[in-house]
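Here is a short tour of one protein chain. Keep the sequence and the 3D view side by side as you read.

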Amino acid sequence: MNRRRAFGTLLGFALSALFLALALYRVNFAEVAQAVANADYRLILASALFTLLSYVMRTLRWQRLLNPQKAIPARRLFPVLVVGFALNNVLPGRPGEIARGFALGQREALSKTLGIATVVLERVADGLTLIAILAALAFFFTLPGWGQQVETLALLIFGAAFVFMVLMLWREHWMTHQLHRVIHKLPERFSHRIANMFASFIMGLHALRSPRDAFAVAFYSLATWLCEGCSYFLVLSAFGLLIPPWQRLIGALFLMVIVNLSISIPAAPGGVGPFEAAGILALSAFGVPKDLALPAVLVSHMVQFTLITGLGFIFMARDGIKLTQAVQAVEQERAYRLYDARAPGEGAARVLVHDQIDIALPIFD
């Protein structure tokens, strides 16, 4: 591990410790323990089933993104996807994203570039879907407290992101030209990374050229997060929070959005700290006291973490994959991802070199 990555890892653990301290500050642990003991664990088990169903929906979405290149049965993709998320839960730096592309390339004889590109597009689709759900809440309901400001921000972000996606699908060459004029002005270490990410995004976006495929990806993205929303709703029900069902539904969706946006912060593996702090903050908008919000958030996090990490390690054991092997594969893949820039006078193009495939992204000086 180089110094920069080591510093990033330490910073992530420090941020997790900070957020966890904020979540646990002035908490009555006796009340938390009592709430955990009195929870309805039948509903928590049902929430785990909805969490599992959300990963099935993710698999079907991934299958659809890969379908233009190769039709792969969902039963073969599901273990790869779960192992990727499991690695994100236990290793710093979210290596599961790279591991999924690497494993897909090995198992299905597909380009690792393609695998990583579809994962990048999945993250974009997830972000857009979460913001769209928040925007829908803003349209139909008025959230209490500071949730109203979040609603307004969500509407603005979703509108801008939607316009960007439409322009990318409709005027890809022109948008690439404009974006790379901006990227070219950034410091080299940042421009290389951003250009790599942008190249992966463009390659993944090519899977949405068909309106039918785009609709299918949108459908599975919405289904994924509605399943997650049901999981949060059942956890809130298990702890008897937000008694009117309609308020509990709104609270569950709001909780889901805020928590999942918060864990994009580069913290410790598994989102420990930001998950808990964001969950308490989200429920506080509905007047839920910290001592009652914390146990529900902790149990929800534990269920998701245990289910996916445990299932991922079961798949790794079944296929004879050791954690050290997975780490080595990720490190090799990171080292292999080279970025080459030709001199401005030699064609003015920056090229992503990966898996013997060149994705040429023109920059006009």
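## Ground rules

This is a predicted model, in which local features need pLDDT of at least 70 and side-chain atom pairs count only at pLDDT 80 or more, while totals for chains, interfaces and linings use all residues. Residues are numbered from 1 along each chain as its sequence is written, and side-chain values use heavy atoms, with hydrogens and water left out.

## The whole chain

The chain has 14 helices and three strands. These are DSSP runs, numbered from the N terminus: helices are H or I with at least four residues, strands are E with at least two. Of the 365 residues, 48% are buried. Buried means under 20% relative accessible area, exposed means over 50%, and partly exposed lies in between (1.4 Å probe, protein chains only).

The chain exposes about 17,900 Å², and carbon and sulfur atoms supply 68% of that area. Accessible areas come from the Shrake-Rupley method with a 1.4 Å probe; for residues, only the protein chains shown count as cover. Now take the contacts with a separation of 6 or more: 69% of them join residues 24 or more positions apart. A contact means heavy atoms within 4.5 Å.

## Helix α1

Helix α1 covers residues 3–24. Its 22 residues should span 32 Å at 1.5 Å a residue, and its end C-alpha atoms are 31 Å apart, which agrees. The expected span is 1.5 Å times one less than the number of residues.

T9, G12, S16 and A23 are buried in α1. Seen down the helix axis, the buried residues fall within an arc of 60°, so they line one face. The arc is taken from the directions from the helix axis to the C-beta atoms. These buried residues pack against α12 (274–284) and α13 (290–318). The face turned away from the buried side carries the exposed residues R3, R4, F7, L10 and L22.

## Two nonpolar cores

A nonpolar core is a set of buried Ala, Val, Leu, Ile, Met, Phe, Trp, Tyr and Cys residues joined through side-chain atoms within 4.5 Å. The largest one has 44 residues. F239, F254, M256 and L283 have the most contacts inside it. Several helices supply at least two residues each, among them α2 (29–38), α6 (112–140) and α10 (211–238). Helix α11 gives the most, with nine residues.

F239 touches A35, V36, A39, I44, P295, A296 and V299, leaving aside neighbours within four places in sequence. A second, separate core has 20 residues, including L66, I72, V82 and M316.

R58 sits in helix α3 (residues 41–66). R58 is buried, with a relative accessible area of 5%. Beyond residues up to four places away in sequence, R58 touches L81, F85, E122, R123, D126, T224 and W225.

S262 lies in α11 and is buried, at 11% relative accessible area. Its C-alpha atom is 5.9 Å from that of P274, twelve residues away along the chain. S262 contacts P274, F275 and A278, apart from neighbours within four places. A polar atom of the S262 side chain lies 2.6 Å from the backbone oxygen of V259.

## Positive phi in two loops

R26 is not a glycine, but has a positive phi of about 55°. R26 is in the loop between α1 and α2 and is exposed, with a relative accessible area of 71%.

L242 also has a positive phi, near 55°. L242 lies in the loop between α10 and α11. At 9% relative accessibility, L242 counts as buried.

Technical notes. A polar contact is a pair of N or O atoms within 3.5 Å; within protein, one must be able to donate a hydrogen and the other to accept it, and residues adjacent in sequence count only if both atoms are side-chain atoms.
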